[in-house]
Amino acid sequence: MSRIWAGIDCGKTHHHCVVVDTEGDRLLSRRVANDEMELLQLLGDVLALADGEQATWAVDMTGGEPGLLIALLVNHSQELLYIPGRVVNRATDGYRGEGKTDARDARVIADQARMRRDLQPVRPGDEAVIELKLLTSYRSDLVADRTRTVNRLRSTLTSMFPALERALDVTNVGPLVLLTGYQTPAALRRVGAKRLTTWLHNRKVQGAQRLAEAAVEAAGRQHTAVVGEKAIAKMVHTLAKEVMALNEKVSETDRLIEGRFREHELAEVIESVPGIGTVLGAELLVGIGGDLEGFPTAERLAAFAGLAPAPRDSGKSSGNLHRPQRYHRRLQRVFYTSALISIQRDPNSRRFYDRKRAEGKRHTQAVLALARRRVNVIWALIRDRRCYQVAPPVTLAA
């Protein structure tokens with residue numbers, strides 16, 4: 001038997017595996033439970049089909065449900081490729097039939113792995129990178145939850161007390177503490193600025209007097225109670241508590257990320273780059289897999305992060321460039337956000353940004369150009385295990 005390819009459509013409780021040969025003929029199609037014993041049985045059967053030749057596996061997910069499957073394949077030194085689900089969906093249109101089943105998707109995955117040469121291998125990361133991936137993903141979920149809750153709080157408060165919503169920045173701790181105690185105009189007028197200041201001081205709110213005066217002033221501009229004010233006030237109290245709890249969870253997660261990030265061998269190098277702190281540094285490590293093994297050149301890393309334009313030429317039109325459709329969005333965010341911060345903190349970045357602006361580029365274009373330049377800098381620093389310096393070392397002539 002010659003080389004074979006095994007495509008797996010991953011699911012929560014079950015996976016479906018289809019094996020094809022060099023001609024694309026199906027050799028095996030099986031639905032297996034997401035259980036170690038059944039997965040090991042599948043592995044043995046596929047290797048028996050390979051009969052000593054190379055077997056290549058392909059999956060449409062790299063985390064979550066197929067975690068056990070990927071661990072087993074890595075532990076058995078199997079070649080494993082990743083095919084994004086979007087690519088599978090597009091490729092499916094080129095196959096006969098219109099129905100969608102797990103077996104059909106697995107067949108497409110196996111066939112695409114057989115034909116394509118641009119698929120990324122799934123590499124086992126070190127323990128620190130795996131933990132950072134879990135922590136940063138969890139943090140992203142918490143931040144998204146906090147944003148939704150803050151927006152809901154603003155909307156709810158506006159429906160009852162729009163003047164107070166305009167006066168408070170509910171992303172800060174002080175206004176949230178205030179809303180846990182006082183929500184309505186009448187309650188704020190009754191307590192008064194002086195007593196409210198004392199109440200906030202006792203809860204260690206910074207700028208308590210200024211905050212209290214702003215809240216009482218807003219209460220003085222509204223003397224009408226809206227319908228359902230009591231229920232809305234309770235909801236405002238609950239939402240403010242939820243935002244405060246989410247803030248604590250984000251802070252706790254940040255501390256965990258910082259502790260794990262600083263244990264990595266590249267932490268000092270990455271954090272030396274202006275604009276990159278522990279959270280962005282952790283996301284950078286997760287994005288590159290902990291090292292540069294998958295990125296032999298800075299250009300490869302830039303393309304992976306979506307910072308290298310892709311050509312779109314046709315007929316007489318040439319030289320047209322556009323943003324690529326396939327790229328690592330979180331990694332692009334790391335480079336873009338760090339570039340934006342570095343403009344204020346690093347003179348080299350500021351000079352580059354100002355030069356691009358002088359060339360007529362808009363703000364976003366200049367920041368993207370700076371992000372692309374920083375890919376080269378960070379790639380070289382990681383390769384050389386060298387920390388960033390504002391003034392590069394001078395090489396003396398022999």
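Select Ser-349, Phe-352, Tyr-353, Lys-356 and Arg-357 in α15: these residues meet His-363, Ala-366, Val-367, Ala-369, Leu-370, Arg-373 and Arg-374 in α16. Contact here means heavy atoms within 4.5 Å, and helices (H or I, at least four residues) and strands (E, at least two) are DSSP runs numbered from the N terminus. By class, this contact has 6 nonpolar, 2 polar and 4 charged residues; Ala, Val, Leu, Ile, Met, Phe, Trp, Tyr, Cys and Pro count as nonpolar, Asp, Glu, Lys and Arg as charged, and the others, Gly among them, as polar.

The model is predicted, with local features requiring pLDDT of at least 70 and side-chain atom pairs pLDDT 80 or more, whereas totals for chains, interfaces and linings use all residues. Residues are numbered from 1 along each chain as its sequence is written, and side-chain values use heavy atoms, leaving out hydrogens and water.

Now display the whole of α15 (residues 347-358) and α16 (residues 363-384), whose axes come within 9 Å and cross at roughly 135°. α15 is therefore oblique to α16. Axes are lines fitted to C-alpha atoms, for helices over the stretch in contact, and angles run from 0 to 180 degrees between N-to-C directions. Angles under 35 degrees count as roughly parallel, over 145 as roughly antiparallel, 65 to 115 as roughly perpendicular and the rest as oblique. The crossing of α15 past α16 is right-handed, that is, the near helix is turned clockwise from the far one by less than a right angle.

Highlight Val-177, Leu-178, Thr-180 and Gly-181 of α7 against Leu-188, Leu-196, Trp-199 and Leu-200 of α8, the residues that make the contact. Its classes are 6 nonpolar, 2 polar and no charged residues.

Contact residues include Leu-188, Leu-196 and Leu-200 of α8 and Leu-211 and Val-216 of α9.

Finally, select Thr-62, Tyr-82, Lys-133, Phe-304 and His-328, which lie nearest the centre of the largest pocket among its 41 lining residues. A pocket is an open set of points on a 1 Å grid over the protein atoms alone where a 1.4 Å probe fits, with protein on both sides within 12 Å along at least five of seven lines; lining residues have an atom within 4 Å of a point. α5 gives the most to this lining, with 6 residues. The lining comprises 18 nonpolar, 13 polar and 10 charged residues.
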